[in-house]
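Have a look at it below, and then we'll go through a few of its parts.

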Amino acid sequence: MYHYNAFDSEFVKLRAAQYRDQLERHLRGELSGEEFRPLRLQNGWYIQRHAPMLRVAIPYGVVSSAQLRTLADIADRYDRGYAHATTRQNFQYNWIDLEDSADVMDALAAVGLHGIQTSGNCIRNVTTDAYAGVAPDEIADPRPWCEIIRQWSTLHPEFATLPRKFKIAVSGAEEDRAAIGWHDIGLQLRKNESGDLGFEVRVGGGMGRTPIAAPVLNAFVPWQDILTYLEATLRTYNLFGRRDNLYKARIKILVKAEGAAFTQAVEAEFATLQARGPAHRLTEAVLSRFSAHFEDKPGVAGVPSHFVATQSIANEDAKAYSSWTKRNLRAHRVAGFKAVALSLKRAGQAPGDMTSAQLRAAADLAERFSAVQSPTGQGGELRVTHEQNLVLPWVREADLPALYLAAKAAGLAAANLGLLSDLIACPGGDFCALANARSLPIAEQLLQRYEDIDELQDIGDIDLHISGCINSCGHHHSGHIGVLGVDKDGQEWYQITLGGSDGSTLSGDTQPGKVVGPSFAADEVPDVVEALINTYLAQRDTSAERFVDALKRLGHEPFKAAANAARRSTARQPVAA
Amino acid sequence: MKLIATNAHQSRASGQKDSKTAENGAVELDLSALNERAALAFDAQLLAQAMIELPFVKAGDGRAYSHAALLRRAGYSGDIRAVGDVTVDYLLLMKRCGFTSAVLRADQNAAVGEQLLAHYERFYQASTGALDLHAPRVLEPA
């Protein structure tokens, strides 16, 4: 992983000091709430329903065990003993007092963490494939590019007050595991016919009330020019993006409204920048310097590919272990290694939530089983996934039984990756001031209803996504089954959508799901989901046909009929969606 | 960067008003039409001005940062002055985009502004105020 140099470390400390000054001026009354707001937002501090929410940046989802321990300490000292992994690979807290916020920033800065640009109308923390650098299907490692973009976008003076927030995602693999089509800019590493590396650049995707899959703006930008191309795109957006209407301010609206004129404007600016000469291109030397941070450490080489378990699995654990190895392991670029997901989806805890004990347990697991990246053997590496789980990217196959047993003891061994209970959910109305409805009780009911691993495996791969409002933090638009909280006469209602896609091979081209019908009452939602699942189970052609494939083959009608048949309170007086 | 108190600020004499010069002398770049990229090619008369005022029409409207950067790219070497809703917390961004002076809003404390301008010594992007601000350089190892 990228290791901070003296400049990086100093920079986040200076940022924490800058924030402390802003907070103090605010508390002294010298900086109004309205004027403090954008400043605190760009350090990750929202004001929520009960207390401020802090979003901590985990750059492209890569976090060290030492950083996880600090997150655990902050959870204990300043919050209520837990933190929450987000769909943008960050961590959030929900209960920290604003008066403590500057101290928290100092504690984060001590281990190279911060909340820079995790909120506000700026370039947000860049995201990528949680399996970056270890996946066998990579065209190129996206991590050096993510780090280059992190540095380029951090306190970039021209793009600090954009019309609206701006999210960039990078994928380096054949399979898109970063949902890049849903981003303001989605970058896909590609090689052209000559074998040169570059990026397919998609611009203007986003969820919210106007879900749009990002169209391709440029099919191949040479890697040397990618920052210039980002700059041209951002400048065009900064100059021409709408600032008169919050709901039309995202770049997706500009791209859609202007069409070819937008593309021409970006290309013209790009050409102008390119004409300024080679100083504006990235060089091999720069790329090498960044790539060096992500080279395999000596511990990765020379591991025998044959399986010699360091610990054995007792008979009573054999079945569960087998399920876990089937679901939660991912192939690795290096023979003898696996990437292992630690599921954060289990009944009794909100999706993505981790107690401080679990944070420390995950740090322990990373140090024991995913530490080959460190020359000293100290400090394990983890990834936060877009689906709100953790990944240990450097696990020796021989260690899998020992890892499983340790993860199980820590409550981190649910074998449900990609299954129905591996659902995505935002914090919803329990925490968020924007939400129209609660997400977590719906998630909890579904997690309780679907705990049987055999049943979950029979249902197979499926994306269930829950958002508490149209801002779509729970990515309902991209769920095969999407659940959206809506407010009607002060009551909680839920829209159900079908057939959304995150752009993966399983889900198909990036697209929003289609609404099933009028909204459902909260207590109907688990039954509706069950009716959809049962329809799939009854009508699939073989057990190999997955939910999303059956949906495509059968069309939405049989599913809609089943959903509507599950109505009780909304049966007589359907409420308009 | 020169900080100017509101009461000491005399708006530029507007003798040579053209389509790009508003009543108060602040330059208003006509950038409304995306497909009229010529709007971004500044004319010689504008670039000959000793000082150009760029307005921050409201907090959070960051277009003037790009305007300043583009003026510097076009070779403008005179004073670029921030006017309008100018508060101390944004001075550093302004300076780094090529502004060389700012008229602070009446309630702002210039001393705080000076401190904030000096808070960071180095940045991830190419260096301050230079014409090549936007060269996509990333920092050399410290």
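## A strand with two neighbours

A:Arg383 has A:Val391 as its bridge partner in E15(A). This is a predicted model, where local features need pLDDT of at least 70, side-chain atom pairs count only at pLDDT 80 or more, and totals for chains, interfaces and linings use all residues. Residues are numbered from 1 along each chain as its sequence is written, chains are lettered from A and ligands numbered from 1 in the order in which they are written, and side-chain values use heavy atoms, with hydrogens and water left out.

E14(A) (residues 381–384) pairs with E15(A) (residues 390–396) in the antiparallel sense over two bridges; pairing takes at least two DSSP bridges, and strands are DSSP runs (E, at least two residues), numbered from the N terminus. Five residues sit between the two strands of this hairpin, and A:Gln388 in the turn has a positive phi of about 70°. E3(A) (residues 62–64) also runs antiparallel to E14(A), joined by three bridges, with A:Val62 opposite A:Arg383.

Are the residues of E14(A) buried or exposed? A:Glu381 and A:Arg383 on one side, and A:Leu382 and A:Val384 on the other, are all buried (under 20% relative accessible area, 1.4 Å probe, protein chains only).

## Where the chains meet

Now for the two chains together. In chain A, 56 residues are in contact with 43 residues of chain B (heavy atoms within 4.5 Å).

There are four salt bridges between chain A and chain B (a side-chain nitrogen of Lys or Arg within 4 Å of a carboxyl oxygen of Asp or Glu). One of them links A:Arg25 and B:Asp89, with the closest N and O atoms 2.6 Å apart.

Conventions. Buried means under 20% relative accessible area, exposed over 50%, partly exposed in between (1.4 Å probe, protein chains only). Helices (H or I, at least four residues) and strands (E, at least two) are DSSP runs, numbered from the N terminus.
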